[in-house]
Amino acid sequence: MKIQESAENYLETILVLKNRLGQVRSIDIVNELSFSKPSVSVAMKNLRTNGYIQMDKDGYITLLDKGFSIAQKIYERHTFLTKWLTNLGVDPEVAAKDACRIEHVISSESFEKLKEHMSQTDS
């Protein structure tokens, strides 16, 4: 199932924050992305409604299986593409921004071939 780029970004952010903070609430996402509280609230409602996350009574967010799967895929692409671009000589800040855009549009086939190629050149 294809989801919107913004939903992918939210799921990836939840994963990153979970790894960094241990627990994630909407306010953590607001602070991380510099989005408004109402925007994040609407996004979290949509992610809950579509079965990507759950939120407990204290407001802590947990990725459900399908949300975790998407978050992991996007995060893997982001970290790999950032490293690849940086290794090519791109400024790290520019590489991270470009990776964030590329990660959503690159096909699974192209990404896998890029990873294969890089693993062969690293050997």
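**Reasoning from definitions**

Tutor: Please note that this is a predicted model. Setting aside neighbours within four places in sequence, Arg77 is in contact with Glu103, Ile106, Ser107, Ser108 and Phe111.

Student: Where does Arg77 lie?
Tutor: Arg77 is part of helix H4, which covers residues 65–87.

Student: Why is Arg77 said to have no salt bridge?
Tutor: A salt bridge requires a side-chain nitrogen of Lys or Arg within 4 Å of a carboxyl oxygen of Asp or Glu. The nearest side chain of opposite charge, Glu76, is 6.4 Å from Arg77, so the buried Arg77 has no salt bridge.

Student: What makes the pair Arg77 and Glu103 a polar contact?
Tutor: The cut-off for a pair of N or O atoms is 3.5 Å. A polar atom of the Arg77 side chain lies 3.1 Å from the backbone oxygen of Glu103, and therefore the pair falls within that limit.

Student: Which residues touch the most other members of the largest nonpolar core?
Tutor: They are Leu11, Ile14, Ile29, Met44, Leu47 and Ile53, in a core of 21 residues. Helix H1 (5–21), helix H2 (26–33), helix H3 (37–49), strand S2 (61–63) and H4 each give two or more residues to this core. H1 provides the largest share, six residues.

Student: What lies apart from this core?
Tutor: Another core, of seven residues, lies apart from it, and its members include Phe80, Leu81, Ile106 and Phe111.

Student: How many helices and strands does the protein have?
Tutor: It has six helices and two strands, in the order α-α-α-β-β-α-α-α from the N terminus.

Technical notes. Residues are numbered from 1 along each chain as its sequence is written. This is a predicted model: local features need pLDDT of at least 70, side-chain atom pairs count only at pLDDT 80 or more; totals for chains, interfaces and linings use all residues. Side-chain values use heavy atoms; hydrogens and water are left out. Helices (H or I, at least four residues) and strands (E, at least two) are DSSP runs, numbered from the N terminus. Buried means under 20% relative accessible area, exposed over 50%, partly exposed in between (1.4 Å probe, protein chains only). Lys and Arg count as positive and Asp and Glu as negative; His and the chain ends are not counted. A polar contact is a pair of N or O atoms within 3.5 Å; within protein, one must be able to donate a hydrogen and the other to accept it, and residues adjacent in sequence count only if both atoms are side-chain atoms. Contact means heavy atoms within 4.5 Å. A nonpolar core is a set of buried Ala, Val, Leu, Ile, Met, Phe, Trp, Tyr and Cys residues joined through side-chain atoms within 4.5 Å.
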